[in-house]
Amino acid sequence: MKQYRVRFTPDAEDDLLRLYVFLLEKDLTAAERALEAIRGGVELLRLSPFSCRKVVADNPLLRELVIPFGSAGYVALFEIDDPSTVTILAVRHQREDDYH
């Protein structure tokens, strides 16, 4: 089975660190579980990025991955760069103010 290479932009890496630190200050176990949930989502992207929802109708390569976690979850914005590479552009918690 073909697998995509998943890479993160520096901004997406900053998002992951920010989300982890936010939870870490409250609950170490929850912070570790959140990272595991995000890793599981990344595994889905390695196998089937086209199964995720489109962000806009006129760009089929810009997509969102919804990552369930607790009563809400995370959303990873990503782009399918070519037939072998996916780039994660941003990661947000669904309850963040700038989440749409």
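This briefing describes the sheet, the helices, the core and selected residues of one protein structure. The structure is a predicted model, in which local features need pLDDT of at least 70 and side-chain atom pairs count only at pLDDT 80 or more, while totals for chains, interfaces and linings use all residues. Residues are numbered from 1 along each chain as its sequence is written, and side-chain values use heavy atoms, with hydrogens and water left out. The model contains an open sheet of 5 strands, and helices H1 and H2 pack on that sheet.

**The sheet**

- The strands follow the order E1-E5-E4-E3-E2, and their pairing is mixed. Strands (E, at least two residues) and helices (H or I, at least four residues) are DSSP runs, numbered from the N terminus. Two strands pair if DSSP finds at least two bridges between them.
- Strand E1 (5-8) and strand E2 (53-56) are the edge strands, each pairing on one side only.
- From one strand to the next, the twist averages 40 degrees. Angles run from 0 to 180 degrees between N-to-C directions, and axes are lines fitted to C-alpha atoms, for helices over the stretch in contact.

**Strand pairs and hairpins**

- Strands E3 (residues 59-69) and E4 (residues 72-82) run antiparallel and are joined by 8 bridges. Within this pair, Pro 68 stands opposite Gly 73 in E4.
- The hairpin of E3 and E4 has 2 residues between the strands, and Gly 70 takes a positive phi near 65 degrees there.
- E2 and E3 also pair in the antiparallel sense, over 3 bridges, and a hairpin joins E2 to E3 through 2 residues.
- Arg 53 has Glu 64 in E3 as its bridge partner, and Val 56 stands opposite Asn 59 in E3.

- Contact means heavy atoms within 4.5 Å.
- Helix H2 (residues 28-47) packs on the sheet as well, touching E1, E3, E4 and E5, and the direction of H2 makes about 145 degrees with that of E3.

**Where the two helices meet**

- The axes of H1 and H2 cross at roughly 150 degrees and come within 7 Å. H1 is therefore roughly antiparallel to H2, a description given to angles over 145 degrees, whereas those under 35 count as roughly parallel, 65 to 115 as roughly perpendicular and the rest as oblique.
- In H1, the residues at this contact are Leu 16, Tyr 20, Leu 23 and Leu 24; in H2, they are Leu 28, Ala 30, Ala 31, Glu 32, Ala 34, Leu 35 and Ile 38.
- By class, the contact has 10 nonpolar, no polar and 1 charged residues. Ala, Val, Leu, Ile, Met, Phe, Trp, Tyr, Cys and Pro count as nonpolar, Asp, Glu, Lys and Arg as charged, and the others, Gly among them, as polar.

**The nonpolar core**

- The largest nonpolar core has 23 residues, and those with the most contacts inside it are Leu 45, Tyr 74, Phe 78 and Ile 88. Such a core is a set of buried Ala, Val, Leu, Ile, Met, Phe, Trp, Tyr and Cys residues joined through side-chain atoms within 4.5 Å.
- H1, H2, E3, E4 and E5 each give two or more residues to this core; the largest share, 6 residues, comes from H2.
- Leaving aside neighbours within four places in sequence, Phe 78 is in contact with residues including Leu 45, Pro 49, Cys 52, Leu 61, Val 86 and Ile 88.

**Selected buried residues**

- Thr 85 lies in strand E5 and counts as buried because its relative accessibility is 6%. Buried means under 20% relative accessible area, exposed over 50%, and partly exposed in between (1.4 Å probe, protein chains only).
- Not counting residues up to four places away in sequence, Thr 85 touches Tyr 4, Arg 5, Arg 7, Glu 79 and Ile 80.
- Ile 80, in strand E4, counts as buried at 4% relative accessibility. The C-alpha atoms of Ile 80 and Arg 63 are separated by 8.0 Å, although these residues are 17 residues apart along the chain.
- Val 75 is placed in strand E4 and counts as buried at 4% relative accessibility. Val 75 and Gly 41 are 34 residues apart in sequence and 9.6 Å apart in space, C-alpha to C-alpha.
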